[in-house]
Amino acid sequence: MDLEIFQTEVGLISNFNYLIANRETGACAVVDPAFEVDRLLRELASRRWRLTAVLVTHTHHDHVDGVEAMVQATSAPVYVGAAEADALARSAPSAKVTPLQGGEQLDVGGLRIETLPTPGHTVAGISYVVDGNVFTGDTLFVGFCGRSDFSGGDAATLYRSLRRLADLPEETRVWPGHDYGKTPTSTIGWERTTNPYLLCASEAEFIALRTGKNAPRPPKK
Ligand SMILES: [Zn+2]
């Protein structure tokens, strides 16, 4: 697959928007459109890509606030973790939603996408694997991981989700939901060897680190 990934930082809390396109077919997916939908639509038009999927990693507002506008402009189907489908329907009532359990193989207009269940930051977080790339939402950041103390979050569940991500091939490129790290992207191999949350030797160690006062957290941007 001749893949192109467009990454742009948007909003006040350093969110990333992604367009993932198969250049051979022009099929394109967007990950977590929340801000600057007009800009994303211009980027699509200038490349002659057609939107075939809206991939939602989780339904916090800074990841889904643009879904309704995106769906109204493109009619693209929306994918989201099943237990967050109702939350999505409330913020994007026009969305044609496919609920995911994780583990599905999607083919959206020639783009092959594998879903991974990564709950723990929220109740039904999903990561998306596309041809050696993984889009991790707020589960895994460059050098950090997401919080587990919001509604629906759970540290033990987050630990298991991070282990699932760490089991991807080391060369897999990581595309997180926020620009919190030293670099905008990394690899699973780099995270495995340097991310303090992936270096935890046990679930208990992870929970103590994630929920403790001295939890590593990104510098304020
Ligand atoms: Zn979040």
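Me: How many bridges join strand β3 to β4, and in which sense do the strands run?
Reply: This is a predicted model. Strand β3 covers residues 27-31. Cysteine 28 stands opposite leucine 51 in β4. The two strands run parallel, and the number of bridges joining them is 5.

Me: What is the handedness of the β-α-β unit made by β3, helix α1 and β4?
Reply: Helix α1 spans residues 37-47. β3 and β4 are parallel partners. With helix α1, they make a β-α-β unit that is right-handed.

Me: How many residues of strand β4 are buried?
Reply: Strand β4 runs over residues 50-55. A residue counts as buried under 20% relative accessible area. The strand is mostly covered, and of its 6 residues the buried ones number 5.

Me: Which residues coordinate the zinc ion?
Reply: The donor atoms sit at 2.2 to 2.3 Å from the metal. Along the chain, the donors follow the spacing H-x1-H-x60-H-x16-D. The histidines give NE2, ND1 and NE2, and the aspartate gives OD. The residues are His58, His60, His121 and Asp138.

Me: Is the site of the zinc ion tetrahedral or irregular?
Reply: Four donors count as tetrahedral if all angles lie between 85 and 135 degrees. Here the angles among the 4 donor atoms run from 90 to 170 degrees. The site of the zinc ion is therefore irregular.

Me: How far apart in sequence are the parts that histidine 121 and aspartate 138 tie together?
Reply: Histidine 121 lies in the loop between β8 and β9. Aspartate 138 lies in the loop between β10 and β11. Both coordinate the zinc ion, so the pair ties together parts whose separation in sequence is 17 residues.

Me: Are histidine 121 and aspartate 138 buried or exposed?
Reply: The cut-off for buried is under 20% relative accessible area. Histidine 121 has a value of 5%. Aspartate 138 is also at 5%. Both therefore count as buried.

Me: Which strands stand at the edges of the open sheet of 6 strands?
Reply: The order is β7-β8-β9-β10-β13-β14, with mixed pairing. Each edge strand has a single partner, so one side is left without a neighbour in the sheet. At one end, β7 is antiparallel to β8, with 4 bridges. The edge strands are β7 and β14.

Me: At what angle does helix α5 run to β8?
Reply: Helix α5 covers residues 155-166. The helix lies across β8, β9 and β10. To β8, its angle is about 145 degrees.

Me: What is the relative accessibility of threonine 136?
Reply: Threonine 136 is in strand β10. Beyond its sequence neighbours, threonine 136 touches Ser127, Leu165, Val174, Trp175 and Pro176. The residue counts as buried, because its relative accessibility is 1%.

Me: How far apart in space are phenylalanine 16 and proline 184?
Reply: Phenylalanine 16 is in strand β2 and is buried at 4% relative accessibility. Its contacts beyond four places in sequence include Pro176, Gly177 and Pro184. Phenylalanine 16 and proline 184 are 168 residues apart in sequence. Their C-alpha to C-alpha distance is 8.9 Å.

How values were computed
Residues are numbered from 1 along each chain as its sequence is written. This is a predicted model: local features need pLDDT of at least 70, side-chain atom pairs count only at pLDDT 80 or more; totals for chains, interfaces and linings use all residues. Side-chain values use heavy atoms; hydrogens and water are left out. Two strands pair if DSSP finds at least two bridges between them. Contact means heavy atoms within 4.5 Å. Axes are lines fitted to C-alpha atoms, for helices over the stretch in contact, and angles run from 0 to 180 degrees between N-to-C directions. Buried means under 20% relative accessible area, exposed over 50%, partly exposed in between (1.4 Å probe, protein chains only). A crossover is right-handed if, with the strands pointing away from the viewer, the path from the first strand over the helix to the second runs clockwise. Donors are N, O and S atoms within 2.8 Å of the metal (3.2 Å for Na, K and Ca); water is not among the atoms, so sites may look incomplete. Four donors count as tetrahedral if all angles lie between 85 and 135 degrees; four count as square planar and six as octahedral if opposite donors are over 155 degrees apart and all others between 65 and 115; anything else is irregular.
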